[in-house]
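Here are a few exercises to work through with the model open in your viewer. Try each one before you read the solution.

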Amino acid sequence: MKGITRVLIANRSEIAVRVIRACQELGIKTVLAASEADKESLPAKMADRSVCIGPEKAAESYLKVNTIISAALGTGADAVHPGYGFLAEQPGLPEACAQNGLIFIGPTADNVRKMGDKLLARKMANELGIPVIPGSELVKDFEAAAKAAEKVGYPILLKAAAGGGGKGMKIIEGPKDLNVVFEEASAEARAAFGDDRIYIEHFIPNARHIEVQIVADKFGNVIHLFERDCSIQRRYQKMVEESPSPVVSSRLREEICSSAVNIARHIRYENAGTVEFIFDQDQRQFYFLEMNTRIQVEHPVTEMVTGIDLVKEQIQIAAGQALSFHQEEVRLVGHAIECRINAESSEDQFRPCPGRIEQWAQPVGSGIRVDTHCYSGYFVPPFYDSLLAKLIAKGGNRHEAVDRMKDALAKFVVSGINTTIPFYQFMLKHPDYLSGKLNTRWVEDVLLQDYARQREAGGFYQ
Amino acid sequence: MALISHEDIIQILKMVAESDIKELHVETGDLKLIIKKYGQEESVQQLESSPKRLTKEKDFEKPSVPLSSQTFVQKPQPVPIDEEDGLIPIKAPMLGTFYRAPKPDAPPFVEVGQLVTKEDAVCIIEVMKLFNMVRAGVQGRIAKICAENAQLVEYNQVLFLVENIEEGKNPQ
């Protein structure tokens, strides 16, 4: 491709495999930057070349901007793909790429910075006339927090201004819990982001997490690829995603999607990104939450229902090409669901289970897609996150997608380590899931209790 | 204050190496120089300099081959370590560009056959204008140089093989 002939992938696991595949389709050479623990991994074997960038510890390998840049320059790469996590949302990487004549496959440093400060992003959405959850400015101390909380109304959420991904986030039901939790939240924010600035948001109990996929080129064309519903969460971590959302009407869809496009356009966003919203099911009102300036784990859900290859689009946009399609040409066809298969024991409070996979046989079939870096004999290292695979099922409608997912999970064989497959099998039989009547607290408030009860009784819902 | 030249830095390095100083920080203009002496575990010295300054002073450790024009080498074969011959590897402590000499026209730090002590500098690894001096960490005779000058080396890649000459083994 003009402008990009060799891509260095500064990531690991299934997303590295995903990016290598996209590059191969486009006739682009690949270099994988791998830590010592990932030297023999599947993406390392698939890439045209792999280079060892440092020891297992991410802080000494995947998180080192200078090492990534040196590896790219030293192997003759002309572009860097960050994947998700690690350096994907650090403005330092796109900056260093620009300084060294490398193309960063992602948004500009300015885009990343603008959306990295959650409080500023909120303010910007508000100025654009997009609803934001009632909330406060920064609160300096407990007194200020107490005052702001009364104004916003309990229950409230304490959030880190530099936050994201649920870190430093605390729900407070009433004033008596505020004192202790306030100190905890600022300490947690300081530890996670090096920034203890806190603000308060009204907490919406009956909420769904709805997000909109955006792609934008360097010529100001911004297109949305509809929404994903990511309400199945445990400890603010997404477990299952689907598109379209079972609760979003076509009118609401139009409103949410055009809000997302407006935000992206306002900051002159480039490349793929996701605008997240909270949908209050009681008030039938949506609110802007934050924007993620990277490709997301759950992007295949959107790919399955739109037929658009988001990673290929990312590379083409970064190479300076205009989007090859118009908004009217993007169609949402059918229904797709993704389950994140983790190396965790769902029977034992989701305890991480790294180790040797003895047998790995993934399902195939109509509408089934598996994104993974695992195989029989692969050793799951204990140094990184526990995602083993993303199982995606597509059907003509939600019902068919659910049936295909059930069938695929039943045929997914993993031995040697524990996975979350049994948990998803249970979830797919639950009447709340099937009817779509749930919210972001459903997993913790309902599903996990029922799951524990079923295991005790040896066959609830069987 | 006048600009610090490359020769000055080498001079400072030598002085530090011969002294008991464990760590030295020098800041002048936009040049920042940090020298740390590590034990044998981490035998690396680091020279830090802001990229701004380096683009101004072009003669400073400019690699003889521009990095971007380097040919793409297919998966390099790992160097087998012959344990029976008692050869000890000196491995790259980081990914970067391997330089055998302190500057392009200077003689290399070491040649095959040369005796080295643990403290002897054997090469420089550059990570984005950060020059890391690598010390032998072992005592012996350089038996083989396994990496090519001005090429990318990976973390833990074998750079040199050293024939171990221990005092106990060679009483004469």
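This is a predicted model: local features need pLDDT of at least 70, side-chain atom pairs count only at pLDDT 80 or more; totals for chains, interfaces and linings use all residues.

Residues are numbered from 1 along each chain as its sequence is written, and chains are lettered from A and ligands numbered from 1 in the order in which they are written.

**Exercise 1.** Work out which element gives the largest share of the side of chain A that touches chain B.

Step 1: count the contact, which takes 17 residues from chain A and 18 residues from chain B (in contact means C-beta atoms, placed from the backbone, within 7 Å).
Step 2: strand 3 (49-54) and helix 3 (65-74) of chain A each supply at least two residues of that chain A side (helices are DSSP runs of H or I, at least four residues, and strands are runs of E, at least two, numbered from the N terminus).

**Exercise 2.** Find which residues of helix 7 of chain A meet helix 8 of chain A.

Step 1: locate helix 7 (residues 142-152) and helix 8 (residues 178-193) of chain A.
Step 2: Phe142(A), Ala145(A), Ala146(A) and Ala149(A) meet Leu178(A), Asn179(A) and Phe182(A).

**Exercise 3.** Identify the strands of chain B that pair with strand 11 of chain B.

Step 1: strand 4 (residues 87-91) of chain B runs antiparallel to strand 11 (residues 158-164) of chain B, joined by 5 bridges (pairing takes at least two DSSP bridges); Ile90(B) stands opposite Phe160(B).
Step 2: strand 9 (residues 140-145) of chain B also pairs antiparallel with strand 11 of chain B, over 5 bridges, and Lys144(B) sits opposite Leu161(B).

Technical notes: Two residues are in contact if their C-beta atoms, placed from the backbone, lie within 7 Å. Axes are lines fitted to C-alpha atoms, for helices over the stretch in contact, and angles run from 0 to 180 degrees between N-to-C directions.
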